[in-house]
Amino acid sequence: MKTVADISKLEFHHRQGGQFRWITITTLMLAIGTILHLVSPSVGGVTPNWTIATYCVAICLTKPSYKQALGIGLVAALVNVLTSKSGFPYGNLISEPLGALTCTFIVKNLAFIKFKGHSCLPVLTGFAATCMSGGAFVTILKFVMNLPTVVYVTAMLPLVVVIGALNAVVTPLMYFPALRLFVSRGILDSLEEQEVTSDHSMYDLKPTQDGLISMEHLSYIYNKQKTPVLDDVTMTVNKGDFLVITGESGSGKSSLCMAMTGAIPHYFGGVMKGMVYVDGQATTQTTISQLATRVGAMLDDYDSQLVAMTVEEEIAFSLENQGVAPDKIGQAITEALEKVNMTPYRHRQVTKLSGGQRQRLVIADVLATNPDILVFDEPTSALDPEGTHEFYELIHDLNVKYGHTIVVIEHTLEAALPYANRLVLIDHGHILSDADVETTLRYMYDHNICTSAIPKIFACQMDLEKAGCHFDAPWLSTDVAVAAVQKAVQP
Ligand SMILES: Nc1ncnc2c1ncn2[C@@H]1O[C@H](COP(=O)(O)OP(=O)(O)OP(=O)(O)O)[C@@H](O)[C@H]1O
């Protein structure tokens, strides 16, 4: 394990999406290979093995896992069985997976071999995979067809080597144009981009601050952007917090929220510097699905998180996705619905729920796996004042009664602040204030930042203070303000 002296300099690069491009590229390459196999003329009875050459190109380009390579080999084998003119085509079912696995082994282990700065993988894989696959194929053929050993040794095996040599030529001839084509279409990264590492498994990463979530010198820049959306952010979320994060539009609130859930850096493409730890574990050393059991998130377009027909099926779907045992699902649904006061709606169709009920269903979905931390991104943007009040009553309950730690990103603060113990102000990716609610509100008022988010009643108190009045408690609700004014005017 390597130790990291300065966490602010540790980078994690990730290109967005792409987890299925090995399928896209392999399908395309195998289709080309099949056409070439059917139409290419032979020279002196010898032709390159186009199927092997094309899947070698696909494997060199997409670097699949061994399991994926096995799949590629089996698909290539099926194509060959269907199009082969050989007496015993079923040998392909063994020889092609062997060829694809050989190719993958070389891609994973011999990528360092270069000639004048150019990758030698297409040449090496074209030759080795063809010899392995062809060798296996003719060996099977020899035994199945009972061919004489002398033919096998003096004709068949040398022919395999000759075709291997031909494939060592045609594979790079297809690889480099294909690489250029896929890079120009944005389907693949260029070779320089591919060299960027995003594997942190070798680092010994430990938080230096306590807290359920600890962000340490976190910076993040989205792909193809020039300025970082988060810039050297250091903050913690502590157990039991009801933390509200506010800031102008575009200040980086949602990105901060995405960093807490692991969507940054695992889903969005970009470069992360510094680190986020959830429960002491670096988010770059875990996966989004593992994090989802600790940090549940409700996004601003929460309707898009609903996929099933009924309330019960919806929560069951989330639980199944998280790998919860079938015998535990019923009880987990009951508990989640109870927490959000939705028990009577268990069998209701999702389309027949009101906006507020659908939101509570999404919260039940998130709660079903019992995460410690709940993150809400602009949760009340689509609710009326009554719905907003009900929402905050509900998550206050989840905070005090069930012990969930709450993080809310909010622009309209009136309804949220009476329940919050901390208010964080973010601006251009920097944390400007991270303190109790009153201190941060005063900061916003004094520095004239994001003043539209300051509750009117608090702004009124600030104006009165400017005029020389003094009050004991911050005006975060009308009740407090009324009591303070009554006290002030009493003789
Ligand atoms: N996937 C993305 N790719 C590139 N840039 C992005 C992406 N998501 C957000 N940004 C940019 O990052 C900046 C911060 O966005 P973010 O959504 O984090 O801010 P926000 O404070 O939540 O804004 P809002 O209150 O409007 O939702 C914006 O300039 C935005 O355009």
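A: In this predicted model, H2 and H3 run roughly antiparallel to each other, because the angle between them is about 155° and anything over 145 counts that way. H2 covers residues 50-62 and H3 covers residues 66-83, and their axes lie 11 Å apart. As for handedness, the crossing of H2 past H3 is right-handed. On the H2 side, the contact comes from Thr51, Tyr55, Ala58 and Ile59, while H3 brings in Ala69, Ile72, Ala76, Val79 and Asn80. Sort those contact residues by class and you get 7 nonpolar, 2 polar and no charged ones.

Now for the ligand. Its shell is made up of Tyr222, Gln225, Val229, Gly247, Ser249, Gly250, Ser251, Gly252, Lys253, Ser254, Ser255 and Phe268. By class, that shell has 8 polar, 3 nonpolar and 1 charged residues. The biggest giver is helix H8 (residues 253-261), with 3 residues in the shell.

E6 (residues 213-222) pairs with E7 (residues 230-237) through 5 bridges, and the two run antiparallel. One of the pairings there puts Ser214 with Thr236 of E7. E6 also pairs with E9 (residues 270-278), again in the antiparallel sense, this time over 8 bridges. Here Ile213 has Val278 of E9 as its bridge partner.

Key
Residues are numbered from 1 along each chain as its sequence is written. This is a predicted model: local features need pLDDT of at least 70, side-chain atom pairs count only at pLDDT 80 or more; totals for chains, interfaces and linings use all residues. Axes are lines fitted to C-alpha atoms, for helices over the stretch in contact, and angles run from 0 to 180 degrees between N-to-C directions. Helices (H or I, at least four residues) and strands (E, at least two) are DSSP runs, numbered from the N terminus. Angles under 35 degrees count as roughly parallel, over 145 as roughly antiparallel, 65 to 115 as roughly perpendicular and the rest as oblique. A crossing is left-handed if the near helix is turned anticlockwise from the far one by less than a right angle, and right-handed if clockwise. Two residues are in contact if their C-beta atoms, placed from the backbone, lie within 7 Å. Ala, Val, Leu, Ile, Met, Phe, Trp, Tyr, Cys and Pro count as nonpolar, Asp, Glu, Lys and Arg as charged, and the others, Gly among them, as polar. A residue is near a molecule or strand if its C-beta atom, placed from the backbone, lies within 6 Å of it. Two strands pair if DSSP finds at least two bridges between them.
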